[in-house]
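The chain and its coordinates are shown first.

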Amino acid sequence: LHERAGRALEREVGAAPPRLSDLEALGHHWSFTSDKARGGRFLAMAGDRARAVYANDDALRHYQRALAALASCAACDDQTWTVRERLGDLLALTGRRAEALAHYDAVRRGLEQAAAGAGAARLHRKTGALHWEAGERERARACFDTGLARLGDDGDPVERAQLYQELGRLAFRAGDNAGAVAWAERALAESLK
């Protein structure tokens with residue numbers, strides 16, 4: 001019945017409906033079918049839509065429901081990592097640092113196992129930013145350095161620029177203005193590649 005309802009609703013409103021209530025309904029119905037990936041996708045879209053209008057509690061609820069739907073999907077690692085990262089971003093934004101770190105750590109481990117260097121570097125950067133905000137400067141620096149190491153010499157220049165920017169911010173806050181300028185120049189050079 002849920003699959004029939006999901007198909008009927010999807011025919012009526014399309015695969016990317018503009019109304020949040022339609023995304024919620026599609027996610028609800030598909031999450032009770034064997035197509036967990038589709039249910040997770042609609043629930044994640046609902047989370048994204050709620051987050052875009054700063055309905056953070058609703059977004060958290062939708063992302064958590066998406067993870068629950070994806071939990072029994074064997075071929076949904078990429079989708080699960082995406083939802084967990086978005087959930088971590090929102091938890092970090094709302095001050096729930098420990099929970100955000102747990103999601104970031106899980107995603108980072110998965111990306112490292114999949115040899116996704118740029119993705120793993122991004123998660124090291126986000127983790128480092130959380131440590132920075134908590135006053136843990138050395139842990140932040142270690143995360144940024146590890147992120148650069150994960151990228152290697154031929155990694156994503158945009159991610160490298162963002163990591164250089166974070167290192168520049170650390171140098172600036174430590175009173176090393178010359179170091180901050182050097183990191184900023186390296187970030188700029190990477191962004192122009």
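Arg-125 and Glu-159 form a salt bridge, with their closest N and O atoms 2.6 Å apart; the term denotes a side-chain nitrogen of Lys or Arg within 4 Å of a carboxyl oxygen of Asp or Glu. Because Arg-125 lies in helix α7 (residues 117–133) and Glu-159 in helix α9, the pair ties together parts that are 34 residues apart in sequence; helices are DSSP runs of H or I of at least four residues, numbered from the N terminus. Arg-125 is buried, at a relative accessible area of 13%, and Glu-159 is buried as well, at 4%, where buried means under 20% relative accessible area, exposed over 50% and partly exposed in between (1.4 Å probe, protein chains only).

The model is predicted, so local features need pLDDT of at least 70 and side-chain atom pairs count only at pLDDT 80 or more, whereas totals for chains, interfaces and linings use all residues. Residues are numbered from 1 along each chain as its sequence is written, and side-chain values use heavy atoms, with hydrogens and water left out.

Salt bridges that share partners join Asp-105, Arg-108, Arg-109, Glu-112 and Arg-150 into one network. Within helix α6 (residues 97–113), Arg-109 and Asp-105 are four residues apart, about one turn of the helix, and their side chains meet at 2.4 Å, N to O. Arg-109 is partly exposed at 44% relative accessibility, as is Asp-105 at 27%.

Ala-171, in helix α9 (residues 157–173), is buried at 9% relative accessibility. Beyond its neighbours within four places in sequence, Ala-171 is in contact (heavy atoms within 4.5 Å) with Asp-176, Gly-179, Ala-180 and Trp-183.

Definitions and conventions
Helices (H or I, at least four residues) and strands (E, at least two) are DSSP runs, numbered from the N terminus.
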